[in-house]
Amino acid sequence: MQVEPLPSPARQQLADHLLHRLHDLQDRHHYIPPDTIAPLAAELGLPITQVESVIDFYSFFHRSPRGRFDILFSNCTSCGDLALMQQLCDLLEVQPGVTRADGMVSIDQTSCVGMCDQGAAALVNGRTLARLTAAQLPHLANLVNTATPLDAWPADWFAVQDNIRHAGLLLNDTLSSGDGLRAAVQAGADQLLAEIKQASLRGRGGAGFPTAMKWQFCRDATAPEHYVVCNADEGEPGTFKDRLLLTRYAQQVFEGMALCAYVIKAQHGFLYLRGEYHYLVPSLEATLDAMRAANLLGENILNQPGFDFDISLVLGAGAYICGEESALLESLEQKRGVPRVRPPFPVTHGYQGQPTVVDNVETLLAATHIALHGGQWFRDHGTEQSAGTKILSVSGDCATPGIYEFPFGITLQTLLAACGGQDAQAVQVGGPSGTLVSRAEFGRKLAFEDLATGGSVMIYGAQRDLLAVVRNFTHFFAHESCGFCTPCRVGTPLLRNYLDKIATGHGTAYDREEMARLGKLVKRRSHCGLGQTATNSLLDLLAKFPQVCADRLLHQDYEPFFNLDAALATTRELTHRDDAEAHLS
Amino acid sequence: MSKIRIATTSLAGCFGCHMSFLDMDERLVGLLEYVEFDRSPLTDIKHCQPCDIGLVEGGLCNAENVHVLREFRQQCKILIAVGACAINGGVPAMRNHYTVQECLEEAYLHGVGVDNPLIPSDPELPLLLSKVHPLHEVVRVDYYLPGCPPSGDAFFAILSDLLAGKEPSLPKAMLHYD
């Protein structure tokens with residue numbers, strides 16, 4: 001059997017990967033210079049077209065120069081504040097999306113950066129600014145104008161808080177380094193798999209596939225290589241629990257990957273980290289090094305002959321779709337993150353066509369605890385169909401946003417009481433792709449059998465305009481659609497246009513009906529989960545909050561999508577005409 | 001029984017859909033038992049009287065297109081957007097990648113072989129809209145007949161359904177283009 005060479009324990013640098021090389025070029029030149037593309041493609045042995053397509057696909061790579069300070073404001077409903085963006089634009093005399101003439105600064109929007117419990121948030125040259133306020137903007141603008149390096153900016157601006165508000169089974173459990181792995185190698189791989197099965201552990205990313213079954217399928221697939229991938233591309237707006245887990249519990253997550261490797265006989269694993277969490281890379285690399293030093297990674301792990309496993313980090317570049325497991329695998333393979341046709345599933349044909357387990361960060365963390373305590377310990381919590389606890393990212397209009405771990409099956413009401421969000425008019429459970437829940441439904445349970453969630457709980461108080469919220473989500477999906485299938489590529493921007501029309505007071509009942517019809521079509525016909533869920537919140541809004549939309553509609557049959565007379569303004573000017581025929585009412 | 005009145009027009013289109021309409025061939029003869037034509041290139045009638053069905057080919061590129069479309073919407077009980085340009089803007093909408101100023105300057109000022117460069121300003125010429133738009137962005141559209149062009153069979157199918165008083169529904173084979 002061909003054994004893949006293990007990375008050197010001393011390696012501090014990220015693996016040689018197209019995304020990392022493009023990150024480097026972007027950092028150095030503030031864009032990807034055209035003349036660097038062909039040499040890079042040649043060096044990596046990739047077609048030039050593949051490099052070009054990757055540059056165009058990922059939001060963090062640019063074809064024209066961005067500023068020396070490239071500042072991206074989150075536009076998430078929880079950690080975004082575009083009024084701040086506009087203020088900073090005014091202070092720095094720059095238009096959003098347009099690099100200032102002196103090349104010093106560019107300012108733009110980006111999708112949720114995972115700081116929903118400590119917004120407003122932005123990225124400056126990829127580094128996270130949390131808890132931004134209007135008061136600090138003049139200082140920030142001055143630092144930019146004086147070209148002050150980021151290391152000389154106030155350190156507390158970059159500090160990210162943990163905000164653990166309620167710890168449960170996993171977050172309270174104290175594990176020592178290697179506890180899970182030692183227990184597992186003592187009991188053997190078959191027993192470990194049996195315990196995971198006994199635990200009824202289901203995938204924590206939201207879909208809830210039984211973990212033991214996934215590992216079993218992968219293990220049973222015969223192939224030269226097997227791989228473990230930890231999906232840390234936490235892009236669902238309102239979700240930030242993986243950020244906390246990788247800050248405080250990275251060792252147990254990596255151990256979970258090693259446990260999976262032990263079961264499926266993998267020798268290599270990847271942690272695919274969203275680009276927005278770039279700042280975690282040094283601590284994650286340090287954790288990996290410590291584990292290698294402790295013989296928890298590397299060759300003959302814990303002196304088990306043949307138990308060879310190591311992990312590399314791969315850093316994404318601003319593409320929500322890469323959280324979809326097959327798109328993630330494409331991205332790992334240095335391609336555009338376009339979801340694959342399934343079946344075959346990754347458990348038999350994953351990374352490089354080899355059997356691959358792709359698990360959520362939280363799932364792997366739970367596996368480590370289960371390896372030590374046994375399946376029954378975990379099974380004793382939660383509900384019949386949803387064993388254990390769920391680590392929730394709570395944000396929005398509540399007293400104490402942050403991380404809450406509760407057993408599956410708690411009601412939304414209970415969670416809202418715990419975080420001081422009882423006055424909510426609505427809660428978005430599971431992020432924009434999830435369910436918009438009205439007050440009348442707050443008795444519903446957080447569990448796979450009722451309200452499934454990957455962890456995002458966004459709370460909307462009475463003063464929030466729900467149309468603005470759903471419009472925000474729809475803009476998000478229109479931006480993040482990978483463009484592969486027509487229902488999603490075309491449908492999501494059309495829905496965005498309808499919502500914009502209604503929000504600006506030009507919508508009619510006709511638009512609402514067309515929007516509902518189109519929403520169902522996009523949901524039914526899209527290729528992958530992104531399109532299939534992109535219209536959930538919109539359809540929920542129309543069904544559960546009909547008044548929100550009805551109040552904005554014009555009482556007429558139809559209204560055009562644009563101002564017809566304004567559409568003639570340029571040609572009126574070019575032809576110096578102002579006669580009656582040069583106008584449209 | 002009075003005949004069903006049909007009006008047809010081509011806006012920012014190529015008349016290809018009208019040519020395809022004629023591909024109904026001998027079925028047109030049978031159709032004329034039930035329908036008669038109002039405003040249409042086939043009749044040269046210049047303005048619509050009240051009609052049952054309006055077939056509009058092409059998108060909207062100028063002010064005159066908007067006037068004609070509005071007349072059709074006002075006079076036709078059922079308005080059908082016919083073909084790729086009416087539904088999506090089609091080939092004329094490829095100019096949407098440029099500003100209308102760039103388009104006019106290329107055509108009338110900087111283009112190869114332009115003599116006496118001047119952007120025409122005769123009031124007889126309809127002004128261009130800043131972008132080319134599909135029909136449904138300016139009026140309510142009842143049905144869409146896709147294709148570039150829709151086949152004669154597709155025209156016959158949608159008209160047969162409407163004449164039979166049925167909700168039009170094209171079989172998948174008529175919506176499959178490759």
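Reader: In which loop of chain A is the place of Ala120(A)?

Author: This model is predicted, and the peptide bond that joins Gly119(A) and Ala120(A) in it is cis, with omega about -5 degrees. Along chain A, the place of Ala120(A) is in the loop between strand E2 (105-110) and strand E3 (122-124).

Reader: Which loop of chain B holds Pro149(B)?

Author: In chain B the peptide bond from Cys148(B) to Pro149(B) is cis, and its omega is near -5 degrees. Pro149(B) has its place in the loop between strand E7 (143-145) and helix H6 (152-163) of chain B.

Reader: What is the value of phi of Asn303(A)?

Author: Asn303(A) belongs to the loop between helix H11 (281-293) and E8 of chain A. The residue is not a glycine, and its phi is positive, near 60 degrees.

Reader: Which strands are the edge strands of the open sheet of four strands in chain A?

Author: The order of this open sheet is E8-E7-E6-E9, with parallel pairing. From one strand to the next, the twist averages 20 degrees. An edge strand pairs on one side only, and in this sheet that describes strand E8 (310-315) and strand E9 (356-360) of chain A.

Reader: Which residue of E9(A) stands opposite Val228(A)?

Author: Strand E6 (residues 227-232) of chain A pairs with E9(A) in the parallel sense, over five bridges. Opposite Val228(A), the residue in E9(A) is Val357(A).

Reader: At about what angle to E9(A) does helix H13 of chain A run?

Author: Two helices of chain A may be described against the sheet. Helix H10 (residues 250-264) lies across E6, strand E7 (268-273), E8 and E9 of chain A, and runs at about 150 degrees to E6(A). Helix H13 (residues 361-373) lies across E6 and E9 of chain A, and its angle to E9(A) is about 95 degrees.

Reader: Are H10(A) and H13(A) roughly parallel or roughly perpendicular to each other?

Author: The axes of H10(A) and H13(A) are 7 Å apart, and the helices pack at an angle of about 75 degrees. Angles of 65 to 115 degrees count as roughly perpendicular. H10(A) and H13(A) are therefore roughly perpendicular.

Reader: How many residues of the contact of H10(A) with H13(A) are nonpolar?

Author: On the side of H10(A), the contact includes Val253(A), Met257(A) and Leu259(A), while H13(A) contributes residues including Leu364(A), Leu365(A) and Ala371(A). Three residues of this contact are polar and one is charged, and the nonpolar ones number nine.

Reader: What is the distance between the centres of domain 2 and domain 4 of chain A?

Author: Chain A is divided into four parts: domain 1 (69-157), domain 2 (164-379), domain 3 (389-460) and domain 4 (466-550). Eight residues of domain 2 are in contact with eight residues of domain 4. The side of domain 2 that touches domain 4 has six nonpolar, one polar and one charged residues. Taken over C-alpha atoms, the centres of domain 2 and domain 4 of chain A are separated by 34 Å.

Reader: Which helix gives the most to the side of chain A that touches chain B?

Author: Between the chains, 20 residues of chain A are in contact with 17 residues of chain B. The side belonging to chain A has eleven nonpolar, four polar and five charged residues. The most, five residues, comes from helix H22 (residues 569-575) of chain A.

Reader: What ipTM does the predictor give the complex?

Author: For chain B, the mean pLDDT is 96, and 99% of the residues reach 70 or more. The complex receives from the predictor a pTM of 0.92 and an ipTM of 0.93.

Terms used
Residues are numbered from 1 along each chain as its sequence is written. Chains are lettered from A and ligands numbered from 1 in the order in which they are written. This is a predicted model: local features need pLDDT of at least 70, side-chain atom pairs count only at pLDDT 80 or more; totals for chains, interfaces and linings use all residues. Domain bounds come from an automatic or database domain assignment. Two residues are in contact if their C-beta atoms, placed from the backbone, lie within 7 Å. Ala, Val, Leu, Ile, Met, Phe, Trp, Tyr, Cys and Pro count as nonpolar, Asp, Glu, Lys and Arg as charged, and the others, Gly among them, as polar. Two strands pair if DSSP finds at least two bridges between them. Axes are lines fitted to C-alpha atoms, for helices over the stretch in contact, and angles run from 0 to 180 degrees between N-to-C directions. Angles under 35 degrees count as roughly parallel, over 145 as roughly antiparallel, 65 to 115 as roughly perpendicular and the rest as oblique. pLDDT is the predictor's confidence in each residue, from 0 to 100.
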